[in-house]
Amino acid sequence: MVTSRWTAAPAAPASPRRRGAVLERAILDAALEQLSTVGWKGLTMEGIAAGAHTGKAALYRRWPSKEDLVADALVSGLPRVEKAPDLGGVREDLLALCRQVRQIMYSRPGVALRSVIHECDHIQAERFEGVIAGNVVEPTVELLREVITRGMERGEVRPDAANGYVFDVVPAMMMYRSKMCASEWHEQDLEELVDLLMLPLLRPYGV
């Protein structure tokens with residue numbers, strides 16, 4: 001009886017197929033990663049599929065377009081500021097909140113969002129208005145409202161300063177400077193936003 005000197009190597013176990021929420025999370029993460037590296041204009045469904053190690057069909061079964069996929073990726077990935085700062089003074093609270101918003105803007109999903117804002121055309125931008133409003137602007141406004149209301153209770157803020165125009169200043173300025181000027185928000189920029197714009201809008205008359 002002749003026996004072989006070689007034995008077949010055991011077959012490598014097949015990698016488990018990802019399904020459901022696990023696969024969706026991989027696709028959304030790949031979309032954010034691609035956006036933060038190649039930008040909106042360089043983003044393709046093929047690139048996202050490759051980054052998620054899946055086929056394009058898995059993407060199109062869930063999202064009919066690149067815009068829909070990116071919108072879901074941004075909504076699921078953007079960090080949130082859940083609680084307004086309470087450091088004992090309106091200036092300190094405003095600065096802390098601005099720093100938290102800046103941290104969101106510089107996170108990977110934030111970089112991806114900025115890529116979308118900078119590069120997509122006005123028709124595509126309409127698809128993301130709800131994402132930007134619901135996940136960046138409106139939460140920031142609500143926290144500003146809490147900070148300013150607390151400042152009113154301490155006598156640092158005059159009562160008529162608590163209005164929609166004032167609440168819009170921080171998110172509007174930060175989004176505008178990022179979109180139109182492509183500028184970064186350094187510490188000095190945040191301090192000037194608070195000291196030269198917000199505090200004069202909030203102070204009681206005669207102070």
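Cys 120 counts as buried in this predicted model, with a relative accessibility of 9%, where buried means under 20% relative accessible area, exposed means over 50%, and partly exposed lies in between, as judged with a 1.4 Å probe and protein chains only. Cys 98 is also buried, its relative accessible area being 1%. A search of the whole structure finds 0 disulfides, a disulfide being a pair of cysteine sulfur atoms within 2.5 Å. Because the model is predicted, local features need pLDDT of at least 70 and side-chain atom pairs count only at pLDDT 80 or more, whereas totals for chains, interfaces and linings use all residues. Residues are numbered from 1 along each chain as its sequence is written, and side-chain values use heavy atoms, with hydrogens and water left out.

The protein chain contains 9 helices and 0 strands, these elements being DSSP runs numbered from the N terminus (H or I over at least four residues for helices, E over at least two for strands). Of the 207 residues of the chain, 42% count as buried. Among contacts between residues at least 6 apart in sequence, 73% join residues at least 24 apart, a contact being defined by heavy atoms within 4.5 Å.

Side chains of opposite charge can pair when their charged atoms come close. The structure holds 17 salt bridges, each being a side-chain nitrogen of Lys or Arg within 4 Å of a carboxyl oxygen of Asp or Glu. In one of them, the side chains of Arg 108 and Glu 33 meet with an N to O distance of 3.2 Å. Arg 108 lies in helix α6 (residues 108-119) and Glu 33 in helix α1 (residues 20-42), so this pair ties together parts that are 75 residues apart in sequence. Arg 108 is partly exposed at 33% relative accessibility, and Glu 33 is partly exposed at 36%.

A salt bridge is also formed by Glu 187 and Arg 99, whose closest N and O atoms are 2.6 Å apart. Since Glu 187 belongs to helix α9 (residues 187-202) and Arg 99 to helix α5, the pair ties together parts that are 88 residues apart in sequence. Both partners are partly exposed, Glu 187 at 28% relative accessibility and Arg 99 at 33%.

For Asp 86 and Arg 154, the closest N and O atoms of the salt bridge are 3.9 Å apart. Asp 86 lies in the loop between α4 (66-77) and α5 (90-106), and Arg 154 in the loop between α7 (122-153) and α8 (164-180), so that parts 68 residues apart in sequence are tied together. These two residues belong to a network of salt bridges that also links Asp 93, Glu 146, Arg 150 and Glu 156.

About 70 Å³ of space lies in the largest cavity, the volume being the space filled by probe spheres set on the points, which are joined across faces, edges and corners. Its lining includes Leu 78, Ile 104, Arg 114 and Met 175, and the largest share, 4 residues, comes from α6.

Terms used
On a 1 Å grid over the protein atoms alone, a cavity is a set of points where a 1.4 Å probe fits but cannot get out, and a pocket is an open set with protein on both sides within 12 Å along at least five of seven lines; lining residues have an atom within 4 Å of a point.
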